[in-house]
Amino acid sequence: MKTKAPDHGHRGHAHDVDLEDTFDFLNTDDTENGFPVDKLPTLDDALAWFVDRGVIHVEGANRVRAQMSNNDPLMARDLARVHAVRSALREVAHSIAEERAPDTGALETVNRALHARQVIELVPGPDGCYVDHRHVGDPVDDALARLADPLVMELTAGHPERIKVCASDTCEWIFYDASRTSRRRWCDMATCGNRAKAARHRMKLHA
Ligand SMILES: [Zn+2]
């Protein structure tokens, strides 16, 4: 399912992501019926997902693939990095939703990811000046920094109180609560909300 995230408008340079992409990334660490299901189980899956969301250029992804071909430890290291940043971002989202301090290790991981981002610079255009970016670092670091960015934006100038974790303990979906009253508890009323209601009903019957 898709979360509805706010539109921060045009931000000047190509392949920007929004909060919806960030949450989709976090929710690739999925839970189905209480069991963990990783939607990005291999580095290749992660690279394909990054290309699909526009946080990495096809050439960047291919460069990573070429560097990694037949090098299992390198591949494992990069995949571990993707998973580590993802779970650190999940912890940060949880801490915001639960109004508590985040785990310090998770925060360090997120901050390290943020520092690895591309360099923004001004470039001349025929009718003025434009903002462009330069890829200085590793494409995977770059992609992770870009996926962390909307969460920072939301904390800076958005509605962090609308960042929520689905109240169903077999779901844990992270979503943006765009409802008028900001009191949504489930990622989706049709699935998790109804399941919770049915469970309450069953409890009442057996009480
Ligand atoms: Zn849910």
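**Zinc site, cores and surface patch of a predicted chain**

The four donor atoms around the zinc ion subtend angles of 107 to 116°, which makes the arrangement tetrahedral (four donors count as tetrahedral if all angles lie between 85 and 135 degrees). This is a predicted model, in which local features need pLDDT of at least 70 and side-chain atom pairs count only at pLDDT 80 or more, while totals for chains, interfaces and linings use all residues. Residues are numbered from 1 along each chain as its sequence is written, and side-chain values use heavy atoms, with hydrogens and water left out.

**Zinc site**

- The zinc ion is coordinated by the SG atoms of Cys166, Cys171, Cys187 and Cys192, at 2.3 to 2.5 Å (donors are N, O and S atoms within 2.8 Å of the metal, or 3.2 Å for Na, K and Ca; water is not among the atoms, so sites may look incomplete).
- Along the chain, the donors of the zinc ion follow the spacing C-x4-C-x15-C-x4-C.
- Cys171 lies in the loop between E5 and E6, and Cys187 in the loop between E6 and helix H7 (189–206), so the pair ties together parts that are 16 residues apart in sequence.
- Cys171 counts as buried at 8% relative accessibility, and Cys187 counts as buried at 5% (buried means under 20% relative accessible area, exposed over 50%, partly exposed in between, with a 1.4 Å probe and protein chains only).

**Fold**

- The chain contains seven helices and six strands (DSSP runs numbered from the N terminus: helices are H or I with at least four residues, strands E with at least two).
- Read along the sequence, the pattern is α-β-β-α-α-α-α-β-β-α-β-β-α.
- Of the 207 residues in the chain, 39% are buried.

**Nonpolar cores**

- The largest nonpolar core has 37 residues, of which Phe23, Phe25, Phe50 and Leu89 touch the most other members (a core is a set of buried Ala, Val, Leu, Ile, Met, Phe, Trp, Tyr and Cys residues joined through side-chain atoms within 4.5 Å).
- Elements that each supply at least two residues of this core include helix H1 (19–26), helix H6 (139–157) and strand E5 (163–165).
- Helix H4 gives the largest share of this core, eight residues.
- A second, separate core of seven residues includes Cys171, Phe175, Cys187 and Cys192.

**Surface patch**

- Ile120, Leu122 and Val131 form a nonpolar patch on the surface, with about 260 Å² of accessible area together (Shrake-Rupley method, 1.4 Å probe; patch residues have over 30% relative accessible area and no salt bridge, and nonpolar side chains are joined within 5 Å; a salt bridge is a side-chain nitrogen of Lys or Arg within 4 Å of a carboxyl oxygen of Asp or Glu).
- Ile120 is found in strand E3 (residues 119–125) and is partly exposed, with a relative accessible area of 42%.

Technical notes. Tetrahedral: all angles 85-135°; square planar, octahedral: opposite > 155°, others 65-115°. Patch = residues over 30% accessible without salt bridge, like charges linked within 9 Å, V, L, I, M, F, W, Y side chains within 5 Å.
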